Amino acid sequence: SGSSSIYISSQGDWALAIRDICRNLFTRAGQDPTMPHLVLVHAEVYDSQIFMNALRDAVSSITAQPGWVEGADMGPLGRPLNDDQWYMLTQLQRNESWLVQPAATEIGSLVWTPGVRLGVQPGSAFAQAAHNVPVIGLIRVESTEEAGRTQRKLSQERAAAIYSRDT
């Protein structure tokens, strides 16, 4: 099926990218199959504590509530989790870490807070397929060319968004 993705270049507008990630990628609790779940981030940006802090703060500020609660940024999952979804929400793969760890708002709840995985590798299970959970994975890339190769390898002709001021 492939995955669409986002690329943030070293010259990209970080604030705009973070805003769009939070506004769009967690739409429908991460269950919109057209939304990317991978963000390819240029090493200069990925290694920036300022960027990571801003992303952590923005994702952590998203309110996840039941659908009847007015003003919630994100509602519940559409159905109970399958095993793959549970794994993607609770377990990390080798060399991954959580920038923001997702959590169920109540035991047995379909309402989960969003999460951000760091250290995702292009060949990992998380990168290979959409899981329809409110988690995005960040892949560190050294160049725009590497981002393009990675996106083509993972996308199977799906779309990619690029945040860059490069001309």
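Two strands pair if DSSP finds at least two bridges between them. Helices (H or I, at least four residues) and strands (E, at least two) are themselves DSSP runs, numbered from the N terminus. With that rule, three bridges join strand β4 (residues 115–118) to β5, and the two run parallel.

This is a predicted model, in which local features need pLDDT of at least 70, side-chain atom pairs count only at pLDDT 80 or more, and totals for chains, interfaces and linings use all residues. Residues are numbered from 1 along each chain as its sequence is written, and side-chain values use heavy atoms, with hydrogens and water left out.

## The whole chain

The protein chain holds six helices and six strands. From the N terminus on, their order is β-α-β-α-α-α-β-β-α-β-α-β. The C-alpha atoms fill a box of roughly 45 × 30 × 25 Å along the principal axes.

Is the chain compact or extended, and what is its radius of gyration? A compact globule of 167 residues would have a radius of gyration near 15 Å, and the protein chain agrees because its own value is 15 Å. This radius is taken over C-alpha atoms, and the globule rule is 2.2 Å times the number of residues to the power 0.38.

Contact means heavy atoms within 4.5 Å. Among contacts with a separation of 6 or more, 68% are between residues 24 or more positions apart.

Buried means under 20% relative accessible area, exposed over 50%, and partly exposed in between (1.4 Å probe, protein chains only). Buried residues make up 48% of the 167 residues. The chain exposes about 8700 Å², and carbon and sulfur atoms supply 49% of that area. Accessible areas come from the Shrake-Rupley method with a 1.4 Å probe; for residues, only the protein chains shown count as cover.

## Strand β5 and its partners

Strand β5 spans residues 135–141. Six of its seven residues are buried. Strand β2 (residues 38–42) runs parallel to β5, joined by five bridges. Val41 stands opposite Arg140 in β5.

## Charged pairs

Side chains of opposite charge can pair when their charged atoms come close. A salt bridge is a side-chain nitrogen of Lys or Arg within 4 Å of a carboxyl oxygen of Asp or Glu. The count comes to four salt bridges. The table gives three of them.

| Salt bridge | N to O distance |
|---|---|
| Arg140 and Asp47 | 2.6 Å |
| Glu96 and Arg117 | 2.3 Å |
| Glu142 and Arg140 | 2.5 Å |

Where do Arg140 and Asp47 lie? Arg140 is in strand β5 and Asp47 is in the loop between α2 (43–46) and α3, so the pair ties together parts 93 residues apart in sequence. Arg140 is partly exposed at 35% relative accessible area. Asp47 is partly exposed too, at 48%. Glu142 is partly exposed, with 47%. Salt bridges that share partners join Asp47, Arg140 and Glu142 into one network.

The bridge between Glu96 and Arg117 has its closest N and O atoms 2.3 Å apart. It links Glu96, in the loop between α4 and β3, to Arg117 in strand β4, 21 residues apart. Is Glu96 buried or exposed? Glu96 is buried, at 11% relative accessibility. Arg117 is buried as well, at 0%.

## Aromatic pairs

Rings of Phe, Tyr and Trp (its six-membered ring) pair if their centres lie within 6.5 Å; planes under 30 degrees apart count as stacked, over 60 as edge-to-face and the rest as tilted. The structure holds two such pairs.

Trp14 sits in helix α1 (residues 14–25) and Phe51 in helix α3 (residues 49–60), 37 residues apart. Trp14 is partly exposed at 25%, whereas Phe51 is buried at 1%.

Trp86 and Trp112 are also edge-to-face, 5.7 Å centre to centre and 80° between the planes. Trp86 belongs to helix α4 (residues 83–90), and Trp112 to the loop between β3 (97–100) and β4, 26 residues apart. Trp86 is partly exposed at 46%; Trp112 is buried at 5%.

## Two single residues

Asp20 lies in helix α1. Asp20 is buried, with a relative accessible area of 14%. Leaving aside neighbours within four places in sequence, Asp20 is in contact with Leu25 and Tyr163.

Most residues other than glycine have a negative phi. Asn95 has a positive phi, near 70°. Asn95 is in the loop between α4 and β3 and is exposed at 63% relative accessibility.
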